[in-house]
Amino acid sequence: MITTLVESVRAVPAAEWERLAGPAGLYLSHRWLAGEEEDPTADASYALVRDDDGTLLAAAPLHLVHDEPNDAYRPAGLLPAEHRPRVIAGARRGYRNTPLTAPGLDSVRRDACLVLLRDAARALADRNGTTHWWPYLTAEATARLAPFYPGEPVHLEDDALIPLPGRDFEAYVASLPSRRRVGVRRERREFAAAGLDVRHLTLADCAEDAGILLAGHQQDHGHDRDGIDAMTGLLKRQAASMGGAARVVAAYEARRMAGFCLYYHYAATTWIRAVAVDRTHPAPHLYFNLMYYLPVQDAYAHGTTALHAGMTAIEAKRRRGAVVSGLYALADTT
């Protein structure tokens with residue numbers, strides 16, 4: 001096996017990368033990572049493990065962080081005090097992470113690949129006078145990587161995934177307990193009665209309106225650095241890099257955006273990326289319809305079989321059918 005380091009994911013053909021990334025999710029996809037390279041707060045590189053024939057067996061993005069604007073990716077407060085890594089291995093955004101390995105590898109070759117990815121991350125960190133960590137690893141990824149790291153995994157958060165059985169929204173509702181079926185139908189009915197204009201857009205169509213609402217949402221949750229300019233700029237960059245894949249369902253009252261949900265269909269899953277509503281003009285069950293029901297409808301239309309609802313408000317997500325699993329961090333101490 002041969003390990004190399006490249007400076008851009010564009011150095012790897014998209015189809016070759018996606019063969020590994022497809023099962024891992026949106027935030028390790030070729031297109032997403034290419035867009036994230038525009039973020040000036042970190043330098044990206046990519047560890048690649050190939051066999052003698054040149055077949056890509058394993059890969060991991062590596063990010064040397066200069067300034068982390070997202071508190072949820074700062075080691076302080078997440079890891080024990082002795083750990084202050086500045087290299088992130090794997091995905092830097094999205095709160096879901098795993099090393100990439102080729103489908104069909106036997107356990108011996110897979111483990112050898114994971115050791116080589118660890119060594120590549122360790123070498124990059126060492127050259128920069130720091131260490132590395134893997135944040136927000138899935139439970140499966142944690143179990144595979146943990147034998148090659150000192151210390152115990154650190155539980156960071158819980159993650160919610162809503163299965164979408166059958167072929168339409170009614171099949172999803174039928175999968176819920178009877179009390180929840182009644183609640184979902186009532187929330188949809190009362191939202192519809194409010195008469196808001198529901199629009200399906202690309203992010204490029206509405207990045208400025210969405211940026212205003214997202215800034216308000218972030219500041220309501222204590223993220224004072226996430227003002228309108230910052231959030232609008234972030235969404236515009238995402239719209240430019242992701243194009244028509246960046247889908248928005250939004251509710252309008254005349255010309256005013258009352259709320260929006262940004263999401264992506266990738267592989268077999270629909271990924272919720274951001275949701276925000278105008279709290280000064282509440283509408284009945286606006287948030288629940290934007291966060292769950294309207295994206296679920298579009299997921300069925302697109303043919304995906306799960307909705308990734310992410311972290312926080314876990315009990316609300318359980319009530320809407322979510323399966324919950326842990327997310328963990330592993331840190332290197334060498």
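Glu-315 and Arg-318 sit together in helix 10 (residues 314–318), three residues apart, which is about one turn of the helix. Helices here are DSSP runs of H or I with at least four residues, strands are runs of E with at least two, and both are numbered from the N terminus. The side chains of Glu-315 and Arg-318 meet in a salt bridge, 3.0 Å from N to O. This is a predicted model, in which local features need pLDDT of at least 70 and side-chain atom pairs count only at pLDDT 80 or more, while totals for chains, interfaces and linings use all residues. Residues are numbered from 1 along each chain as its sequence is written, and side-chain values use heavy atoms, with hydrogens and water left out.

**Salt bridges**

- A salt bridge is counted when a side-chain nitrogen of Lys or Arg lies within 4 Å of a carboxyl oxygen of Asp or Glu.
- Side chains of opposite charge can pair when their charged atoms come close.
- By this rule, the model has 20 salt bridges.
- Glu-315 counts as partly exposed at 46% relative accessibility, and Arg-318 is also partly exposed, at 41%.
- For these labels, buried means under 20% relative accessible area, exposed means over 50%, and partly exposed is in between (1.4 Å probe, protein chains only).
- Helix 6 (residues 178–193) holds both Glu-190 and Arg-186, four residues apart, or about one turn of the helix.
- Glu-190 and Arg-186 form a salt bridge whose closest N and O atoms are 3.9 Å apart.
- Glu-190 is partly exposed at 33%, and Arg-186 is partly exposed at 34%.
- Another salt bridge joins Asp-278 to Arg-256, with the closest N and O atoms 2.9 Å apart.
- That pair links distant parts of the chain, 22 residues apart: Asp-278 is in the loop between strand 11 and helix 9 (286–302), and Arg-256 is in strand 10 (residues 256–266).
- Asp-278 is buried because its relative accessibility is 14%, whereas Arg-256 is partly exposed at 22%.
- A network of salt bridges links Asp-39, Glu-68, Arg-92 and Arg-93.

**Aromatic rings**

- Rings of Phe, Tyr and Trp (its six-membered ring) pair if their centres lie within 6.5 Å; planes under 30 degrees apart count as stacked, over 60 as edge-to-face and the rest as tilted.
- The count comes to 12 aromatic pairs.
- One of them joins Tyr-27 and Trp-271 edge-to-face, at 5.8 Å centre to centre and 80 degrees between the planes.
- Tyr-27 is buried, with a relative accessible area of 4%, and Trp-271 is buried at 5%.
- Ring pairs also join Phe-169, Tyr-172, Tyr-287, Phe-288, Tyr-292 and Tyr-293 into a cluster.

**Charges over rings**

- A charge sits over a ring if NZ of Lys or CZ of Arg is within 6 Å of the ring centre and within 35 degrees of the ring normal.
- The charged end of Arg-188 sits over the ring of Phe-169, 4.1 Å from its centre.
- Arg-93 lies over the face of Tyr-73, 5.3 Å from the ring centre.

**The cavity**

- On a 1 Å grid over the protein atoms alone, a cavity is a set of points where a 1.4 Å probe fits but cannot get out, and a pocket is an open set with protein on both sides within 12 Å along at least five of seven lines; lining residues have an atom within 4 Å of a point.
- Grid points are joined across faces, edges and corners, and a volume is the space filled by probe spheres set on the points.
- There is one cavity of 30 Å³ or more, and the largest cavity has a volume of about 120 Å³.
- Its lining includes Tyr-27, Asp-39, Arg-92 and Arg-93.
- Helix 2 (30–36) and strand 2 (42–50) each supply at least two residues of this lining.
- The lining of the largest cavity has six nonpolar, one polar and five charged residues.
- In these classes, Ala, Val, Leu, Ile, Met, Phe, Trp, Tyr, Cys and Pro are nonpolar, Asp, Glu, Lys and Arg are charged, and the others, Gly among them, are polar.
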